[in-house]
Structure formats: C-alpha cells, structure tokens
Amino acid sequence: MIEQAEYGYMEGKYLRSRLIKPITRTWVDGDGVQHTETESVEQQIAALSEEWKPVDAISPEALVSEDENYIIVPVPYDQGERIAYRYEKRYDYQRIKQQVADLKQALTDSDYKVMKCYEASMLGQPMPYDIEEVHAERQAMRDKINELEPLLPQIAPKVITL
C-alpha cells in the first residue's frame, strides 16, 4: 500500500500537481451506525485521467550551488511516462539586489567620515580618519555596485500577470 504519491501534468511550461494521500471518510447511516471507509492512494490514482503522471521528487543535492551568486532552479518537463526535473543554474536576483542595496547603505553610512575629514581640512586640523583608506574603501564599494547593477535588469525575474 502506497502511503503517498505526487501526480501531475504539464500545462504549457507549468506543472500542475497534487500530493495524493489516503482519504478516510466517516459517516453515520440512517440506523445510527457509524461507518469508516478509506480510499487508498492506488484507488485515487486509478481514477485520474490519462494526462496525470507520476512526478519525480526534487533532489535536494541538485539544488546546491557552488557559486554564491547563483541558485539552482528545478524546471519540470514531461518525460513521457512521468514528469521529471532538469536543474538550471540562474543568477540569484534577490541576493544580488540585496548586495547592491547593502553596498549603497554602506556608502551612505561612511559619508560622515568624508565630512569629518573635509571639516578638519577646512579648519587646518589633523584628519580624524586616513582619507586615502576611506577613499579606497568607498571606491571599492562603488566599483562593486557598478559591476552588479547592470546585471539586475538582465536577470530580473519575469512577472506574469494573470
């Protein structure tokens, strides 16, 4: 007896699936006798139309990316007798977007160092920070932002309006 099974069908490039588990129904008949009936997974599968096929499980190991800027996306496809997955490597849009936002915030957060150095310079006082080091750090952040920002429009997830 099967405890559960996933069955589905492809609708264009989209997988429509459901997890099938035994269904237990309890009712009381006209004489007040309680009855219990269980519809097995096998019975439910037998009642499905021909378009429904078993769906392979997603492999957790296949979802591990060696590169932190990428994610692995399982893409379902109809393999004939079953629905299988191929695993596509894609840029991690959310991670890159967050990285750009974090870098911009770090630049904003370090603005005070530039202002303090400018103020000290105007007053002829010693610099409170190593301005060359501050400049190098900020330029490295700007360079990374300039490297990542052009990727965002290219890798943005497609929005599908229904």
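Here are a few worked exercises on the predicted model above.

Some ground rules: residues are numbered from 1 along each chain as its sequence is written, and side-chain values use heavy atoms, with hydrogens and water left out. Because this is a predicted model, local features need pLDDT of at least 70 and side-chain atom pairs count only at pLDDT 80 or more, while totals for chains, interfaces and linings use all residues.

**Exercise 1. Work out the overall layout of the protein.**

Step 1: Count the elements. There are five helices and seven strands; helices (H or I, at least four residues) and strands (E, at least two) are DSSP runs, numbered from the N terminus.

Step 2: From the N terminus, the run is β-β-β-β-α-β-β-β-α-α-α-α.

Step 3: Check the dimensions. The radius of gyration is 29 Å, whereas a compact globule of 162 residues would come out near 15 Å. That radius is taken over C-alpha atoms, and the globule rule is 2.2 Å times the number of residues to the power 0.38. Along the principal axes, the C-alpha atoms fill a box of roughly 100 × 45 × 35 Å.

Step 4: Look at burial. Of the 162 residues, 23% are buried. Buried means under 20% relative accessible area, exposed over 50%, and partly exposed in between (1.4 Å probe, protein chains only).

**Exercise 2. Trace how strand 1 pairs with strand 2.**

Step 1: Find the strands. Strand 1 covers residues 5–11 and strand 2 covers residues 14–20; they pair in the antiparallel sense over seven bridges. Two strands pair if DSSP finds at least two bridges between them.

Step 2: Ala-5 bridges to Ile-20 in strand 2, and Tyr-9 bridges to Arg-16 in strand 2.

Step 3: Inspect the turn. The two strands form a hairpin with two residues between them, and Gly-12 in the turn has a positive phi of about 70°.

Step 4: Three strands form an open, antiparallel sheet in the order 2-1-5. Strand 2 and strand 5 (53–54) are the edges, each pairing on one side only.

**Exercise 3. Classify Asp-29 and say how far it lies from Asp-109.**

Step 1: Locate Asp-29. It is in the loop between strand 3 (23–28) and strand 4 (34–39).

Step 2: Classify it. Asp-29 has 27% relative accessibility, so it counts as partly exposed.

Step 3: Take the distance. Asp-29 and Asp-109 are 80 residues apart in sequence and 73 Å apart in space, C-alpha to C-alpha.

**Exercise 4. Decide whether Leu-123 is buried or exposed.**

Step 1: Find Leu-123 in helix 3 (residues 111–123).

Step 2: Read off its accessibility. At 57%, Leu-123 counts as exposed.
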